[in-house]
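Have a look at the picture below, and then we'll go through some of its details together.

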Amino acid sequence: MHIRRFPMNSQINVYAFLTQMTQYYGVTELIKSRELENDELRPLYMDFQATTPMDPRVLDAMLPYQVNYYGNPHSRTHAYGWESESAMEKARKQVADLIAADPREIVFTSGATESNNMSIKLLEETIRQDTSLVSVMTVNNEIGVRQPVEDIGRICRSRNVFFHTDAAQAVGKIPINVSDWKVDLMSISGHKIYGPKGVGALYVRRRPRVRMEPLQNGGGQERGLRSGTVPTPLAVGLGAACDIAQQELEYDHSRVSMLANRLVRKIMSEIPDVVMNGDPEQRYPGCINLSFAYVEGESLLMALKDVALSSGSACTSASLEPSYVLRAIGTDEDLAHSSIRFGIGRFSTEAEVDYTADKCIQQVKRLREMSPLWEMVQEGIDLKSIKWTQH
Amino acid sequence: MAASTAQVLSLYRKLMKESSKFPSYNYRTYALRRVQDAFRANRSVEDPKMVEQLLNQGRDNLDMIRRQQDNNPTHLQVV
């Protein structure tokens, strides 16, 4: 059907217009007309674990430091330096407050990967007979499972072992308290919490002291732990993202849970043989990994080309091997190849979730129709009992 | 000056109007929804100091949205 173009800069109330459009045309056309507004076809974004868009409030906080307030925060002799340093320290406090830490325990880095590397280097430098390092992800980025960090922290503290956690997917999404959790080192990523890319932080406990060796040497910034000019606009962005996350934590969590339930319930009620990977209780709701039996994951992703999804984590998406996480939790090889990760975030809407669910159901049904394996299952054949002949 | 219903409603209308101007579908729907939910959640706040504080937050957010309209023009695309 022909979609009419509506000019973006007309004086009509866009919200009322969108509501009307939904009533007349239904969701599919609504989403397509949104795409046409921008003169290019862009898929719905359902991959919030890979990265997140910046919150407009974060951009608002960062811009002055990209334009007018461009001083080096380590310049001690003039106002440009002082105002930049003041912004950096304010951001440091915002990050610390989100995880119940002291600002002196936060080191700005280029991202969670650098923070992770710094923590591992600590092990190499200070290892003694009786010390080691435990490193655990707080929330897994592929299946959304939340690890029992409080218990791990307690055990590590009692055995005098350092405890590091990569909290990139957990910060700002679940309440974090580094004291309660007895965490010694924590990695934080900016672009996973609606902040800018290229910045992160490392929490380094002061009491009891965690002695660190720097990964990067130079001018001695960040207490000598991480030399290099701290990028004030990025640090301010990270701070603002943390501040907003703290305010919005409850609201976002309940909304994401609602949307996640909506998606999963819709899909599972319409098609059989769908498995959710990972613990159903101990999880962050916004990361949903589903395996669709008798459907190949990559082909389903291609079929859902107007929704931005992923199978497995972005870090390993170049390889064709199934996810190591799924293998680790004991998923069958064939189910591991059939998995898709749905990411829901702060900006996801009911319309997007409904469209994704509908499209997913439609495409899974279509792909299964074409599958000889599915045909055999329908006839009651147990696939595990088949002796495949060798060619 | 005590905050009146008229002031609250006026702020609400301004926020909704500015929020509807985001060209990005996700930002627009988020702003509209968030403003609506925030006003609803604080509907029964009585303490005048609290009301004033919330209204100031609302006004700050309104300024922020207005500023951000200039950062999200439709022509902001990769060339």
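Chain A has an open sheet of three strands, ordered β7-β8-β10, with antiparallel pairing. Here, strands (E, at least two residues) and helices (H or I, at least four residues) are DSSP runs numbered from the N terminus, and two strands pair if DSSP finds at least two bridges between them. β7 (274-276) and β10 (339-343) of chain A are the edge strands, each pairing on one side only. From one strand to the next, the twist averages 30°. Strand β8 (residues 287-292) of chain A pairs with β10(A) in the antiparallel sense over five bridges, and A:Leu290 stands opposite A:Ile340 in β10(A). Helix α8(A) packs on this sheet, touching β7, β8 and β10 of chain A, and its direction makes about 10° with that of β8(A). Touching means contact, with heavy atoms within 4.5 Å. For such angles, axes are lines fitted to C-alpha atoms (for helices, over the stretch in contact), and the values run from 0 to 180 degrees between N-to-C directions.

Before going on, a word on what you're looking at. This is a predicted model, where local features need pLDDT of at least 70 and side-chain atom pairs count only at pLDDT 80 or more, while totals for chains, interfaces and linings use all residues. Residues are numbered from 1 along each chain as its sequence is written, chains are lettered from A and ligands numbered from 1 in the order in which they are written, and side-chain values use heavy atoms, leaving out hydrogens and water.

The model scores ipTM 0.90 and pTM 0.86. Chain B has a mean pLDDT (the predictor's confidence in each residue, from 0 to 100) of 87, and 85% of its residues reach 70 or more.

Now for the charged pairs.

| Salt bridge | N to O distance |
|---|---|
| A:Arg57 and A:Asp55 | 2.9 Å |
| A:Glu114 and A:Arg226 | 2.8 Å |
| A:Arg154 and A:Asp151 | 3.0 Å |

A:Glu114 sits in helix α5 (residues 112-126) and A:Arg226 in the loop between β6 (200-204) and α8 (232-270), so this pair ties together parts of chain A that are 112 residues apart in sequence. A:Glu114 is buried at 11% relative accessibility, and A:Arg226 is buried at 12%. Buried means under 20% relative accessible area, exposed over 50%, and partly exposed in between (1.4 Å probe, protein chains only).

A:Arg154 and A:Asp151 both lie in helix α6 (residues 149-159) of chain A, three residues apart, or about one turn of the helix. A:Arg154 is partly exposed at 48%, and A:Asp151 is partly exposed at 39%. Elsewhere, salt bridges that share partners join A:Asp55, A:Arg57, A:Glu248, A:Asp252, A:Arg346 and B:Arg34 into one network.

Most residues other than glycine have a negative phi, and most peptide bonds are trans. A:Ala100, however, has a positive phi near 60°, and A:Lys182 has a positive phi of about 55°. The peptide bond from A:Arg207 to A:Pro208 is cis, with omega near -5°.

Notes. Salt bridge = Lys/Arg side-chain N within 4 Å of Asp/Glu carboxyl O.
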